Amino acid sequence: MKKIIEYDSLYESMMKCKKGVSWKPSVKSFVLNSEENILRIHRQLEEGTWKNGKPKPVLITYPKRREALSIPFKDRIYQRSINDNALYPQMSKGFIYANCACQTGKGTDFARKLIKKYLWNYYCNYGCTGWVVQIDIHGYYLNMRHKDVEEQIYWNTDDDTADRASGILREQYAGETGYNPGSQMVQIAGIALLNPVDHFVKEQLHAKYYIRYMDDFWMLLPTKEQAEKAYIETVRRIRSYGLEINEKKSHVTPLEEGFAFLGFDYHMTKTGKVIMTLNSKSTKHERKTLVRMVHKSQRGKLPPEKVDEHHNSWKNNAAKGNAHKMIERTDKYLKKLRKGEEHESKKNDSDTCGSGRGRKPQSNRRTAETDH
């Protein structure tokens with residue numbers, strides 16, 4: 001598709017790619033001469049002289065430790081143009097509505113709202129008794145087979161788009177299995193690879209209440225027999241892609257016990273009300289982070305505003321659920337940390353003043369002894 005390599009498409013991609021990273025020297029340098037650089041990329045792609053840059057490995061420590069790739073800025077521009085103008089529009093046409101990750105108008109908030117909608121609809125039809133099926137894949141990206149991803153790309157897109165996308169993925173990731181986060185194409189691969197499993201669950205298992213967020217599966221069924229069958233059949237399909245299930249996070253549980261999904265705990269009352277509270281792990285992590293940040297602020301290594309900025313961001317996320325009291329407790333915890341900081345500061349000032357008063361008599365005593 002010519003639209004991918006058009007000057008306007010590449011320029012628009014650059015404007016999107018620079019968001020949040022415009023402070024980086026490499027990005028500043030590129031954007032400063034953007035017209036010339038974009039024109040160079042356009043000519044290279046048109047003449048067939050374009051060469052993909054070499055990505056650098058980077059380490060991500062939160063929310064979990066994993067390796068990722070840092071893609072050169074010019075490559076990100078080209079890849080973004082492929083994604084926005086061809087790959088994503090064509091691939092997403094075949095997705096089910098409840099495929100919630102990394103798509104326009106979708107994301108974690110969309111998935112959480114959909115779960116609450118499903119729970120209320122289920123209550124109206126079946127009451128508050130049911131069975132929740134949850135499946136999590138162990139090391140999803142690291143165990144994705146390249147041939148399976150390319151098969152989905154070639155099946156759902158035109159030849160030109162498929163050749164461009166698959167060619168980039170082959171150059172960036174050697175071997176037969178595994179992708180590291182960092183490229184938008186990898187995100188597309190993540191939501192597209194198991195699309196046939198989504199259709200199997202909806203069309204053959206007839207699971208009306210079903211959601212997939214990347215490698216997290218959730219479904220709600222009226223009977224234990226239906227839930228266990230859905231679990232076994234879905235796991236079998238997933239394993240056909242060479243993927244393994246995370247046994248600790250994959251199970252069939254009664255709806256009455258509640259469940260955790262995307263960082264929140266869900267419980268449904270006997271009247272059908274859905275209670276959504278932030279997972280306790282998130283609260284513990286936030287408290288540890290606040291301790292670390294306040295200590296840095298105390299040493300003058302971090303502005304106090306940064307602590308407030310981080311905490312407000314956490315509160316905005318927590319407020320999406322029923323977390324009013326928990327937010328209040330965490331606010332009090334932060335105030336307590338800062339009071340301790342003020343107390344420590346006053347103590348240090350007092351010690352400094354006291355030690356200053358102690359030194360003066362010593363100096364006078366030495367002078368008197370010398371005069372004597």
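Biologist: Why are helices α12 and α13 called roughly antiparallel to each other?

Modeller: In this predicted model, helix α12 (residues 280-298) and helix α13 (residues 304-318) pack at an angle of about 170 degrees, with their axes 9 Å apart. The axes are lines fitted to C-alpha atoms over the stretch in contact, and angles run from 0 to 180 degrees between N-to-C directions. Angles under 35 degrees count as roughly parallel, over 145 as roughly antiparallel, 65 to 115 as roughly perpendicular and the rest as oblique, and α12 and α13 are therefore roughly antiparallel.

Modeller: As for the ground rules, residues are numbered from 1 along each chain as its sequence is written, and side-chain values use heavy atoms, with hydrogens and water left out. The model being predicted, local features need pLDDT of at least 70 and side-chain atom pairs count only at pLDDT 80 or more, whereas totals for chains, interfaces and linings use all residues.

Biologist: Which residues of α12 and α13 meet, and what makes up their contact by class?

Modeller: With contact meaning heavy atoms within 4.5 Å, Ser-282, Thr-283, Glu-286, Thr-289, Leu-290, Met-293, Val-294 and Ser-297 in α12 meet Pro-304, Lys-306, Val-307, His-310, His-311 and Trp-314 in α13. By class, this contact of α12 with α13 has 6 nonpolar, 6 polar and 2 charged residues, where Ala, Val, Leu, Ile, Met, Phe, Trp, Tyr, Cys and Pro count as nonpolar, Asp, Glu, Lys and Arg as charged, and the others, Gly among them, as polar.

Biologist: What makes β8 and β10 the edge strands?

Modeller: The open sheet has 3 strands in the order β8-β9-β10, with antiparallel pairing, and β8 and β10 each pair on one side only. Helices (H or I, at least four residues) and strands (E, at least two) are DSSP runs, numbered from the N terminus.

Biologist: How do you know that β9 pairs with β8 and with β10?

Modeller: Two strands pair if DSSP finds at least two bridges between them; strand β8 (residues 259-261) and β9 have 3 bridges, while β9 and strand β10 (residues 274-278) have 5. Phe-264 in β9 is the bridge partner of Phe-261, and the bridge partner of Phe-264 in β10 is Leu-278.

Biologist: Why is Ser-13 called buried?

Modeller: Ser-13, found in helix α2 (residues 7-17), has a relative accessible area of 2%. Buried means under 20% (exposed is over 50%, partly exposed in between, with a 1.4 Å probe and protein chains only), so Ser-13 is buried. Not counting residues up to four places away in sequence, Ser-13 touches Ile-77, Arg-80 and Ser-81.
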